[in-house]
Amino acid sequence: MQNDRPILTITGSDPAGVTGVQADIKTISMLGGYAVSAVTSVTVQNTLGIQEFYYLPPQVVQGQIEAIVNDVEPQTVKIGMIRTVGVLDVVIDLLNKYRPRHVVYAPVVHSAQGDALMPPDVEQHIRSRLLPCCTVVVPANTFTTHGDTNTFASAVAFYLNEGAI
């Protein structure tokens, strides 16, 4: 049975469902949680890799987050792929405004094929502004199988949300 304490996931899409918003929703739901989402980018990809990225504008990401927060008031946020400073600034500003109880961050630094997914300016901004907002940071590539780090971080968000850890 799904509980009524939502977990907001903020990340990119993965049409193959191995990682990203699709995997977050799947993991949180399988554990019995209530997942809500804000998408930061749309990808053209499959299990073989990412072919293209389409970044959503910061104001669209902000609108998604504000709509969810003003409706269901999630106290746990799980953050994944953010590839632009503009979107990162929006996310950080909203975390500081709404102050959720738990923020779990799973950095998406490289693709399963080893391609760099985080530009250096975003990486620096994460270190200086996002990390201080986080309750838990799951180190990139904690697991060797693609998607497992993401799944683990979603599970951590669920258990924090439940008060189990």
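## Overall architecture

Read from one end of the sequence to the other, the chain follows the pattern β-α-β-β-β-α-β-α-β-α-β-α, which amounts to five helices and seven strands. Helices (H or I, at least four residues) and strands (E, at least two) are DSSP runs, numbered from the N terminus. The radius of gyration of the chain is 14 Å, close to the 15 Å that the globule rule gives for 165 residues, so the chain is as compact as a globular protein of that length; the radius is taken over C-alpha atoms, and the rule is 2.2 Å times the number of residues to the power 0.38. Along the principal axes, the C-alpha atoms fill a box of roughly 35 × 30 × 25 Å.

The model is a predicted one, in which local features need pLDDT of at least 70 and side-chain atom pairs count only at pLDDT 80 or more, whereas totals for chains, interfaces and linings use all residues. Residues are numbered from 1 along each chain as its sequence is written, and side-chain values use heavy atoms, with hydrogens and water left out.

## Burial, surface and charge

Of the 165 residues of the chain, 47% count as buried, where buried means under 20% relative accessible area, exposed means over 50%, and partly exposed lies in between (1.4 Å probe, protein chains only). The chain exposes about 7,900 Å², of which carbon and sulfur atoms supply 55%; these accessible areas come from the Shrake-Rupley method with a 1.4 Å probe, and for residues only the protein chains shown count as cover.

Among contacts in the chain with a separation of 6 or more, 74% are between residues 24 or more positions apart, a contact being defined by heavy atoms within 4.5 Å. The chain carries 9 positive and 14 negative side chains, and the centres of the two sets lie 6 Å apart. In this count Lys and Arg are positive and Asp and Glu negative, while His and the chain ends are not counted; the place of a charge is taken as NZ of Lys, CZ of Arg, CG of Asp or CD of Glu.

## The parallel sheet

An open sheet of five strands has the order β2-β1-β5-β6-β7, with parallel pairing. Strands β2 and β7 (136–137) stand at the edges, each with a single partner strand, so one side of each is left without a neighbour in the sheet. Two strands are taken to pair if DSSP finds at least two bridges between them.

Strand β1 (residues 6–11) has six of its six residues buried, so it is largely enclosed by the rest of the structure. Six bridges join β1 to the parallel strand β2 (residues 34–39), where V39 is the bridge partner of T11. With β5, the strand β1 pairs in the parallel sense over four bridges, and the partner of T9 there is K78.

## The hairpin and S41

Strand β3 (residues 41–46) runs antiparallel to strand β4 (residues 49–55), and six bridges join them. The hairpin that connects β3 to β4 passes through two residues, and the bridge partner of N46 in β4 is G49.

S41, found in strand β3, counts as buried at 2% relative accessibility. Leaving aside its neighbours within four places in sequence, S41 is in contact with T11, G12, S13, F53, Y54, Y55, L56 and M81.

## I65 in helix α2

I65 has its place in helix α2 and, at 3% relative accessibility, counts as buried. Not counting residues up to four places away in sequence, I65 touches L8, I10, A38, V91 and L94. I65 and I10 are 55 residues apart in sequence, yet their C-alpha atoms are 8.2 Å apart in space.

## Two loop residues with positive phi

Most residues other than glycine have a negative phi. E73, which is not a glycine, has a positive phi of about 50°; this residue lies in the loop between α2 (58–72) and β5 (76–79) and counts as exposed at 54% relative accessibility.

R99 likewise is not a glycine and has a positive phi of about 50°. R99 is found in the loop between α3 (85–98) and β6 (102–105), and at 57% relative accessibility R99 counts as exposed.
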